[in-house]
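Good morning, and thank you for coming.

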Amino acid sequence: MRKATIGDAAIEVIAAEGMRGLTHRAVDRFAGLPPGSTSYYARTRAALLELAISRMIELDEVTLDPPPGQLAEYVAGFAHAAITNGRTRMLARYEFALEATRRPELREAYDRGGLVIRRRCAEVLAACGSAEPERHARVLVAWLEGTVFDALAGTGSLRPPGLEELTRGAREVLAGLGVAG
């Protein structure tokens with residue numbers, strides 16, 4: 001339980017202050033823990049980063065099981081949740097993505113989480129009639145990631161899309177892929 005609390009606090013710190021703000025003391029402060037608590041569970045900065053990314057992957061374990069005939073609504077709901085109540089975790093994820101380009105030890109953990117979602121997305125698309133589920137999953141995930149990034153960190157943050165706009169966009173992408181949405 002304490003590791004989960006520390007992981008959650010580390011995600012909050014990264015989202016609020018970036019990777020440079022991630023220190024053992026900052027995590028203790030965000031978690032409301034006595035000084036030194038974080039360093040007991042994660043002795044080094046590398047261990048703290050690993051704990052945080054492992055927690056993020058754990059929190060990302062979602063069931064991708066859209067109701068029949070409602071794939072577009074499901075995809076839009078996923079994006080909307082990432083833009084609204086999942087904002088903090090998404091901002092931390094972007095920080096991790098950049099950090100993983102410089103730290104090979106994080107790259108593996110970061111990619112492991114992303115591949116699970118891509119694999120499951122391909123399975124869902126295959127069940128919905130995709131002729132090329134792996135390629136289509138890549139396109140759909142790219143649309144999702146680009147849309148969420150723009151809404152949180154890009155110019156789109158000036159007016160993030162609502163659920164209705166996201167649903168229309170998801171329908172258009174799925175139609176372009178020839179998948180019933």
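How many aromatic pairs does a search of the whole structure find? The search finds two; rings of Phe, Tyr and Trp (its six-membered ring) pair if their centres lie within 6.5 Å, and planes under 30 degrees apart count as stacked, over 60 as edge-to-face and the rest as tilted. This is a predicted model, in which local features need pLDDT of at least 70, side-chain atom pairs count only at pLDDT 80 or more, and totals for chains, interfaces and linings use all residues. Residues are numbered from 1 along each chain as its sequence is written, and side-chain values use heavy atoms, with hydrogens and water left out.

Y40 counts as exposed at 62% relative accessibility, while Y41, at 33%, counts as partly exposed. Here buried means under 20% relative accessible area, exposed over 50%, and partly exposed in between (1.4 Å probe, protein chains only).

The other pair joins Y94 and F149, with centres 5.0 Å apart and planes at 75 degrees, so this pair is also edge-to-face. Y94 lies in helix 6 (residues 87-100) and F149 in helix 8, so the pair ties together parts that are 55 residues apart in sequence. Helices are DSSP runs (H or I, at least four residues), numbered from the N terminus. Y94 is buried, with a relative accessible area of 16%, whereas F149 is partly exposed at 40% relative accessibility.

Technical notes:
Helix = DSSP H or I, 4+ residues; strand = E, 2+ residues; numbered from the N terminus.
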